[in-house]
Amino acid sequence: THSAAVRGLTYTVNVTQCSLKCPCKRKSHSTRANSYTVYVSHSAVNITVIARNEAGHSPPAVVHVPVASAADLKTCDKTLLNEKLKTKTCLEFYELQDADLIPERVWYITGKKRKNETKKIKKDMKNYTRYLYFEHRCHDGKPQTVKMCLYYKRQGVPSREPQNFIIVSYTHNSANLSWKEIPYADLNGVLTHYKLCTVKSLQSEPQECVNISASATKHCLKALTPGTKYNVSLAGVTQAGEGPVAIQGFTTLPDKPFNVWISFGLLLGFFPFSIVCTIILKRIKSKVFPPVPKPVIPDFSCRQPESEEMWERKEEVHELTLHQPISEKATVLNGEWDDGIERKVEKDGSCLERSDDESSSLASADVSLRKADLKDLEQVETELAMLIYRNGLVFDVKSEPL
């Protein structure tokens, strides 16, 4: 049109915070460029752009900047709700009533009317409801967000258990669990974590519990016992405590037959292997370390004394009767005596004369008798020369010559 063709086009940019009570005043910025940078806080802001020339101005173009996302925010450890605010400080509370974290209502507190606005906020705020808290400041005419967190007037335990808690799959030593998060309206506070407890049924063993991240929706149980029944419970936990529990039960599969056969085979193979190793070690030992001969010790029995008196008995000396051996001289003399007697008898004629045969036989008998007597004498002398022991006394007996 003719008005659009007129030169001298400029743009007017207006930054309007949804809360006009915050300290940074609304300002208009003019520029001839097609781009411009504005500074806004994390709260909701409306930006209006109007084109102007000598013929007039265009309809406004409005851009709405929403509130910053409240996802993954922590609860506020401290706020300025009950403290004195500076002139250039502003507080904002956005009510978050659904899981999409879309603000429904907003409250503002400034330094000028802090007491009245604080009383109204405390009265209007609900228990167990989440609020998005902002601390804004104005620095060199530019709004800045100093702090952003989640605020609860009062927290409670979840009113419902985790939804759709199921056992997806399980093996002989593990199980996969799955669930859905607790509905936002039933949280009643900030969910800090899930509490998962596992216990063997029909046994006196204590249950084992672990904490799982609040953002998790599945978990894997490991190191379970094969062929055992388990009961698993899951509950949401807030700062106020633990909510209702969802319970599921399952039985792990028996141990794999393959592993059983492997164990059985290893057990059977161990015994022959140990026997072979023992035989080899014995052979090596016999070659390297030959056996040491042991002294032969005759068996004997140790008798205890019948009484202490036997140890106190003294040695006694018994009388010995010594028989002197008959010497060879005496035998010879006896022989001579016999010859003399024979001769005397012969002389006297009292004995009968003997024949030559009888005389030779008597002579040979006499010689054999003498030899036997000599052997007996030698044996007696040998026995007498030995040591004789009786009742602890030793005698050295020697024969004396006649």
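This is a predicted model: local features need pLDDT of at least 70, side-chain atom pairs count only at pLDDT 80 or more; totals for chains, interfaces and linings use all residues.

Biologist: Where does Leu 281 sit?

Modeller: Leu 281 is in helix H2, which covers residues 257–288. Together with Val 276, Ile 280, Ile 284 and Val 288, Leu 281 makes a nonpolar surface patch of about 460 Å².

Biologist: And the accessible surface of the protein chain, what does that come to?

Modeller: About 30,000 Å², with 55% of it belonging to carbon and sulfur atoms. Of the 402 residues, 27% count as buried.

Biologist: How many helices and strands are there in the chain?

Modeller: Five helices and 18 strands. Taking contacts between residues at least 6 apart in sequence, 62% join residues at least 24 apart.

Biologist: OK, charges now. How many salt bridges does the structure hold?

Modeller: Five. One of them joins the side chains of Lys 147 and Asp 77, at 3.2 Å from N to O. Lys 147 is in strand E9 and Asp 77 is in the loop between strand E5 (61–65) and strand E6 (89–96), so the pair ties together parts 70 residues apart in sequence.

Biologist: What about Glu 95, which residue does its side chain meet in a salt bridge?

Modeller: Lys 126, at 3.8 Å from N to O. That pair links distant parts of the chain, with Glu 95 in strand E6 and Lys 126 in the loop between H1 and E8, 31 residues apart. Glu 95 counts as buried, at 1% relative accessibility, whereas Lys 126 counts as partly exposed at 42%.

Biologist: And Arg 160, what does it form a salt bridge with?

Modeller: Asp 186, with the closest N and O atoms 3.6 Å apart. Arg 160 lies in the loop between E9 and strand E10 (163–170), and Asp 186 lies in the loop between strand E11 (175–180) and E12, so parts 26 residues apart in sequence are tied together. Asp 186 is buried at 16%, and Arg 160 is partly exposed at 35%.

Biologist: Switching topic: how do E8 and E9 run?

Modeller: Antiparallel, joined by 10 bridges. The two strands form a hairpin with two residues between them, and Asp 140 in the turn has a positive phi of about 55°. His 139 stands opposite Lys 142 in E9.

Biologist: What's Thr 129 in contact with, leaving aside its neighbours within four places?

Modeller: Glu 95, Leu 96, Tyr 151 and Tyr 152. Thr 129 is in the loop between helix H1 (114–124) and strand E8 (130–139), and counts as buried at 14% relative accessibility.

Biologist: Last one: what's the strand order in the open sheet of four strands?

Modeller: E13-E12-E15-E16, with antiparallel pairing. Strand E13 (208–213) and strand E16 (241–251) are the edges, each pairing on one side only. The twist averages 20° from one strand to the next. E12 (residues 193–200) pairs with E13 over six bridges, and the bridge partner of Thr 198 in E13 is Glu 208.

Note on methods: Residues are numbered from 1 along each chain as its sequence is written. Side-chain values use heavy atoms; hydrogens and water are left out. Patches are made of residues with over 30% relative accessible area and no salt bridge: like charges are joined within 9 Å, nonpolar side chains (Val, Leu, Ile, Met, Phe, Trp, Tyr) within 5 Å. Accessible areas come from the Shrake-Rupley method with a 1.4 Å probe; for residues, only the protein chains shown count as cover. A salt bridge is a side-chain nitrogen of Lys or Arg within 4 Å of a carboxyl oxygen of Asp or Glu. Buried means under 20% relative accessible area, exposed over 50%, partly exposed in between (1.4 Å probe, protein chains only). Contact means heavy atoms within 4.5 Å. Two strands pair if DSSP finds at least two bridges between them. Axes are lines fitted to C-alpha atoms, for helices over the stretch in contact, and angles run from 0 to 180 degrees between N-to-C directions.
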